[in-house]
Structure formats: structure tokens, C-alpha cells
Amino acid sequence: MIHSSWEHYSGRILHNNTCSKKLKKRVAEYITHFQAFEQIGTPSIPYISAWRHQDLNIWYEFSGKRLQKILGCQAQDVAHAFRDSIVDHYIYKKPANHQTVVKEVLSQAQLVNLRNILRGSAAHNSTTEAVYKLASNGKVFWLKDQAKIEVFPEDGIFLSLGTLVDVSKEMRAEEELKRVKEELKRHRDHLEDLVRDRTRKLWRSQLEVVSRLARAAVYRDQKTGSHITRMSRYCAILGEATGITQKANALLYHASPMHDVGKLGISDRILLKPGKLNSQEFELMKTHCHIGAELLSGHNSDLLKVAQAIAFTHHEKWDGSGYPRGLGAKEIPLAGRIAAICDVFDALTTARPYKNAWPIEHATAELKRQKGQHFDPELVDVFIEKLPVIKEVYLAH
Ligand SMILES: [Fe+2]
Ligand SMILES: [Fe+2]
């Protein structure tokens, strides 16, 4: 059955007396067919590979001369050379529930196991398609493998009748595209890191500037900055308890120390006057809300916007009797209503040149008394609920 022109035949089936006639006939037919195919000079490389049931070792019954040339080996060594040259392996398959073809990229380590699965599924489905990335003789190239699998149960042998097509050009373009995409992603990640870093730095420098500003204002009439430290902590406790977002609460915490920056524009004569202010002096004192709002205006940072709202509204009262605009109830921004309670509570519970510190219980009673008049009634309730935590801050500073 072996044809005289098959001098390079290095397979096992045609020489094997135990193989069935049917199998031998099939192999011989295909060798004849593929040899003719090769002589036409088509770019695809035909091959016939074979393996036994439950045996990982594949061998080639026939392989196109170009494959031997690419791999730099003799016909009988094609199986080994092919396996040793594989650096990557892609399988194209169409899963039952998908409309699209998916590509799997596998490491060499996964290959042996996978080849078995592939053979199993190919035996079932009759066809398979894969792309191999090979490195041989210092060159990298890709071969696309399309094959038809035939099973010979009587012999326990599988035949893979297929062609290999050099798809290096297409695959190189695909790899380049992948590389460019990865490069772009790295670049984007780097930029995002930079932006995050700059934003953090900007935020820190903003905090630094505003806290100095707040302290400068407070040192005019108080010896320490402990009032704004406590007051801003009370604000954060109350803010958190009202359920505002963490970000909004952080803004409230950092903006509230600036509630009295407008006092920088009030003269010493009024600000440091030991006695009670007369009505004209009090009118001038009230302007610190406008001055503060003015100082903090014209910037689109969230921090300064909240700070401005607080500076402008921390002396407004729930019943509309406050200043500078006489706003009432929820016309007063939440940050202003929170700041009002915390500012007064701290003023009451600490000593000032003109008064002693009130005990916490008296100050709390005063908040309750002013519920719905000076203060937002709901916020007073929340403040009282949070009194244990408020006390901790009070005692710590
Ligand atoms: Fe004030
Ligand atoms: Fe204050």
C-alpha cells in the first residue's frame, strides 16, 4: 500500500500489521491527497497527525515540507519539534450559550491537560481550530491549525486531518495592538495616580491655609484655638448623626473652624471691649458674618463654599430672629444650623473674660429651652442623644 514516492514516510500506521485496513486506507488516501495539495504550492501546510486513545503522545503520519523547514527538523521529529517550539496557544471555540467566538490564551503548562480535553471535544465535534505561537530558529511565528478529527474505534486511534496556515502577520498586529492597549492603560493609571496625588496635596494645602486663617481670627479675642477645635468636633459628631455623607461631614468638620473669620475685619475697640456692646457697636459686630462670607467667596472649592455658608449663617435662628438676614428654619443651610448649636454650646460650657463656664447640664437645658427658637429642634434632639460622645470631646480639650 505504501506508494513509491513516499520515501519520507515516517508514520506508524501503514507499517503496522495490527492496524485495520480501513484506517490504513484512510491514511493512504489522505497522504496522496495532501501531497497533491502541496504540489500546487498553496500557502497552507497539510498534515495528518494521530494519537491513541488515552495516550498523550501524538505523532505525524504526514507533514508538509514547509512545516519541517519552519521547525528545522526531519519528518519523524515534527511532533517533538512542534511541541518544544510552542510558546503560546490560543483556542477558538464557540461556547453553547455565546453568540461570539472567544479566545483563550493558555500557558504551556496548561497545554498537556488541555490537549486531552481538546481532543475529546474535537472527537465529539469533529472539527477544531487553534493558533500556536512558535519560536524556532530564533524566529517567532504563528500557525493557525484547522483540522477534522476522525475516530477509528476498532484501532483505538484518532486521526487529525488538517492544515496549518501561517498567520504571523495578523497575530503580530494583534499582539502589537494588545501591547499598545496595555501601554495606554499603564499611562492612564499613572495619570490617575498623579491626579489623585495632586488632589490630595491641593486638599492638604487648602486645609493648611484655612486653618491658619481660622486661628488668626480666633487669636484676636481668645488666647487659644481650643474653641474652634472643640466646636468643629461637635459639628462632625452632629453631622455624622444626621446621616450626611462622609465627604459632606469632612467638609463640615474642616469648614466650621472658619465661622468667625469675619472678626478679622472688626476693630479691636469693639472686639476686645471688656463690657457689654452698645447697640451701635453690636450692629458693627454683626457685620463679621458678611465680612467672613466675603473673605471666603469667589472660590469654587467645596471646602470654601461650605465655610462661606457657615460664616454667613451661623448667627441665624430657627424662628427667623437671627442675623444677618433673618433667615428661618430650613432656609438656613444645614451646616449653618449645626454650627449654630455647636458654637453656642461651646461658648456656654467654657469660661470667657466676662463669664464662668456653665456646667454641661445647664448648657444642655439652655439648648432645650431654645429648641424651635434659636435652634433647629430636630438637631437639638440629635445633639442631646450624642451627649456622651460630646462630653468626651469636652473633657479631652
Ligand atoms: Fe460668629
Ligand atoms: Fe465661635
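Helices (H or I, at least four residues) and strands (E, at least two) are taken here as DSSP runs, numbered from the N terminus. With that in hand, look at H6, which is followed by Gly243, a residue with a positive phi near 85°. Before going further, note that this is a predicted model, in which local features need pLDDT of at least 70 and side-chain atom pairs count only at pLDDT 80 or more, while totals for chains, interfaces and linings use all residues. Residues are numbered from 1 along each chain as its sequence is written, and chains are lettered from A and ligands numbered from 1 in the order in which they are written.

Let us step back to the whole chain. Its secondary structure consists of 15 helices and seven strands. A residue is called buried if 20 or more other C-beta atoms lie within 10 Å of its own, exposed if 12 or fewer, and partly exposed in between, with C-beta atoms placed from the backbone. By that count, 28% of the 397 residues are buried. Two residues are in contact if their C-beta atoms, placed from the backbone, lie within 7 Å. Among contacts in the chain with a separation of 6 or more, 55% are between residues 24 or more positions apart.

Now for the strands, which pair if DSSP finds at least two bridges between them. Strand E1 (residues 45-52) and E2 run antiparallel and are joined by four bridges; Ser49 has Tyr60 in E2 as its bridge partner. Strand E2 (residues 59-63) has four of its five residues buried, so the rest of the structure largely encloses it. Further along, strand E6 (residues 139-152) and strand E7 (residues 157-166) are also antiparallel, with 10 bridges between them. Phe152 stands opposite Ile157 in E7. The hairpin of E6 and E7 has four residues between the strands, and there Gly156 takes a positive phi near 65°.

Strand E5 contains Ala130, which is buried because 22 other C-beta atoms lie within 10 Å. Tyr90 is 40 residues from Ala130 in sequence, yet the two are 5.6 Å apart in space, C-alpha to C-alpha.

Which residues of helix H3 (residues 78-85) are buried? They are Val78, Ala79, Phe82 and Ser85. Seen down the axis of H3, these buried residues fall within an arc of 140°, so they line one face of the helix; the arc is that of the directions from the helix axis to the C-beta atoms.

The cores come next. A nonpolar core is a set of buried Ala, Val, Leu, Ile, Met, Phe, Trp, Tyr and Cys residues joined through C-beta atoms within 7 Å. The largest one has 39 residues, of which Ala307 and Ile341 touch the most other members. Two or more residues each come from helix H5 (168-221), helix H6 (226-241), helix H7 (246-255), H11, H12 and helix H14 (377-385), and H11 gives the largest share, eight residues. Leaving aside neighbours within four places in sequence, Ala307 is in contact with Val210, Ala255, Met258 and Leu296. Apart from this core lies another, of 30 residues, among them Ile31, Leu71, Tyr132 and Leu161.

Back at H6, its buried residues include Ile228, Met231, Tyr234, Cys235 and Leu238. Their cover includes H5, H7, H12, H14 and helix H15 (387-396). H6 has 16 residues and reaches 23 Å from its first C-alpha to its last, close to the expected 22 Å, where the expected span is 1.5 Å times one less than the number of residues.

Finally, some backbone details. Most residues other than glycine have a negative phi, and most peptide bonds are trans. Asn137, in the loop between strand E5 (127-136) and E6, has a positive phi near 55°; with 11 C-beta neighbours inside 10 Å, Asn137 counts as exposed. Ala329, in the loop between H11 and H12, has a positive phi near 40° and counts as partly exposed, with 14 C-beta neighbours inside 10 Å. Pro324 lies in the loop between helix H11 (302-313) and helix H12 (334-349), and the peptide bond from Tyr323 to Pro324 is cis, with omega near 10°.
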